[in-house]
Amino acid sequence: MPTDDVEAIRALIHEYAERIDGGDLDGLAALFADATWGSPGRGTPLRGTEQVRRGYDGVILYDGTPCTKHLISNVTIEIGGDGSAATARSYFTVLQARPDLPLQPIIAGRYHDRFERVDGRWRFADRQIIPDLIGDLSRHLRDAAGLA
């Protein structure tokens with residue numbers, strides 16, 4: 001498995017976390033321009049930048065950021081035999097702190113991702129967000145049934 005490919009895919013996984021924590025919801029949605037995005041219990045997966053961006057309308061921003069840190073761990077990446085597709089599994093833990101909320105984990109779960117290489121570059125093909133542990137999302141999402 002070429003190290004450059006693994007690192008390029010790992011960078012995409014981390015870019016998602018950086019964009020949401022930075023409040024760049026438009027940039028986050030752009031990562032899914034040619035991809036689907038979903039979660040068990042949310043119905044039909046969203047597809048493309050516009051739909052995915054609407055999926056993040058419920059994120060609460062405070063002076064431009066959600067005051068969160070998405071920690072990504074246990075990343076396992078597998079490149080397909082012909083080098084044009086890959087899968088990844090990882091864990092996420094979201095921390096949040098606000099003046100009225102002490103620093104705490106608010107949700108933890110797993111990402112199951114598919115990637116494809118197009119014109120020599122890796123991009124998301126699909127992301128499944130699987131929440132396993134849910135805490136106090138009241139200061140992160142307008143609709144607590146949403147995702148991190």
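This is a predicted model: local features need pLDDT of at least 70, side-chain atom pairs count only at pLDDT 80 or more; totals for chains, interfaces and linings use all residues.
Aromatic rings come first. A pair of aromatic rings is described by the distance of the centres and the angle of the planes. The structure holds seven aromatic pairs. One of them joins Tyr 16 and Phe 32. Their ring centres lie 6.2 Å apart, and their planes meet at 85 degrees. Planes over 60 degrees apart count as edge-to-face, so this pair is edge-to-face. Tyr 16 belongs to helix α1, which spans residues 3–21. Phe 32 sits in the loop between α2 (25–30) and β1 (36–38). The two residues are 16 places apart in sequence, so the pair ties together separate parts of the chain. Tyr 16 has a relative accessibility of 0% and counts as buried. Phe 32 also has a relative accessible area of 0% and is buried.

Tyr 16 takes part in another edge-to-face pair, with Tyr 111. Here the centres are 5.6 Å apart, and the angle between the planes is 75 degrees. This pair links distant parts of the chain. Tyr 16 lies in helix α1, while Tyr 111 lies in strand β5 (residues 101–118). The separation is 95 residues. Both Tyr 16 and Tyr 111 are buried.

Ring pairs also build a cluster. Its members are Tyr 16, Phe 32, Trp 37, Tyr 56, Phe 92, Tyr 111, Phe 115 and Phe 124. Arg 127 lies over the face of Tyr 16, at 4.4 Å from the ring centre. The charged end of Arg 98 sits over the ring of Tyr 62, 3.6 Å from its centre.

The nonpolar core comes next. In soluble globular proteins, nonpolar side chains tend to be buried together. The largest nonpolar core of this model has 34 residues. Those with the most contacts inside this core are Ile 9, Tyr 16, Phe 32, Val 52, Tyr 56 and Phe 115. Two or more core residues come from each of α1, α2, β3 (68–79), β4 (85–98), β5 and β6 (121–134). Helix α1 gives the most, with seven residues. The surroundings of Val 52 can be listed. Apart from residues up to four places away in sequence, Val 52 touches Leu 28, Ala 29, Phe 32, Trp 37 and Leu 46.

The largest pocket holds about 160 Å³ of space. Its lining has 13 residues. Nearest the centre of this pocket lie Leu 31, Arg 121, Trp 122, Arg 123 and Phe 124. Helix α1 and strand β6 each supply at least two residues of the lining. Strand β6 gives the most, with four residues.

Ala 85 is found in strand β4. Its relative accessible area is 35%, so Ala 85 is partly exposed. Ala 85 and Arg 114 are 29 residues apart along the chain, and their C-alpha atoms are separated by 7.4 Å.

Asp 136 is located in the segment after β6. With a relative accessible area of 28%, Asp 136 is partly exposed. The C-alpha atoms of Asp 136 and Pro 45 are separated by 25 Å, and the two residues are 91 places apart along the chain. Leaving out residues up to four places away in sequence, Asp 136 touches Leu 101, Gln 104 and Ile 106.

Backbone angles close the description. Most residues other than glycine have a negative phi, and most peptide bonds are trans. Asp 63 has a positive phi, near 50 degrees, and is not a glycine. Asp 63 is found in the loop between α3 (48–55) and β3. Its relative accessibility is 86%, so Asp 63 counts as exposed. Asn 74 also has a positive phi, about 50 degrees, although it is not a glycine. Asn 74 has its place in strand β3. At 49% relative accessibility, Asn 74 counts as partly exposed, because the label exposed requires a value over 50%.

How values were computed. Residues are numbered from 1 along each chain as its sequence is written. Side-chain values use heavy atoms; hydrogens and water are left out. Rings of Phe, Tyr and Trp (its six-membered ring) pair if their centres lie within 6.5 Å; planes under 30 degrees apart count as stacked, over 60 as edge-to-face and the rest as tilted. Buried means under 20% relative accessible area, exposed over 50%, partly exposed in between (1.4 Å probe, protein chains only). A charge sits over a ring if NZ of Lys or CZ of Arg is within 6 Å of the ring centre and within 35 degrees of the ring normal. A nonpolar core is a set of buried Ala, Val, Leu, Ile, Met, Phe, Trp, Tyr and Cys residues joined through side-chain atoms within 4.5 Å. Contact means heavy atoms within 4.5 Å. On a 1 Å grid over the protein atoms alone, a cavity is a set of points where a 1.4 Å probe fits but cannot get out, and a pocket is an open set with protein on both sides within 12 Å along at least five of seven lines; lining residues have an atom within 4 Å of a point. Grid points are joined across faces, edges and corners, and a volume is the space filled by probe spheres set on the points.
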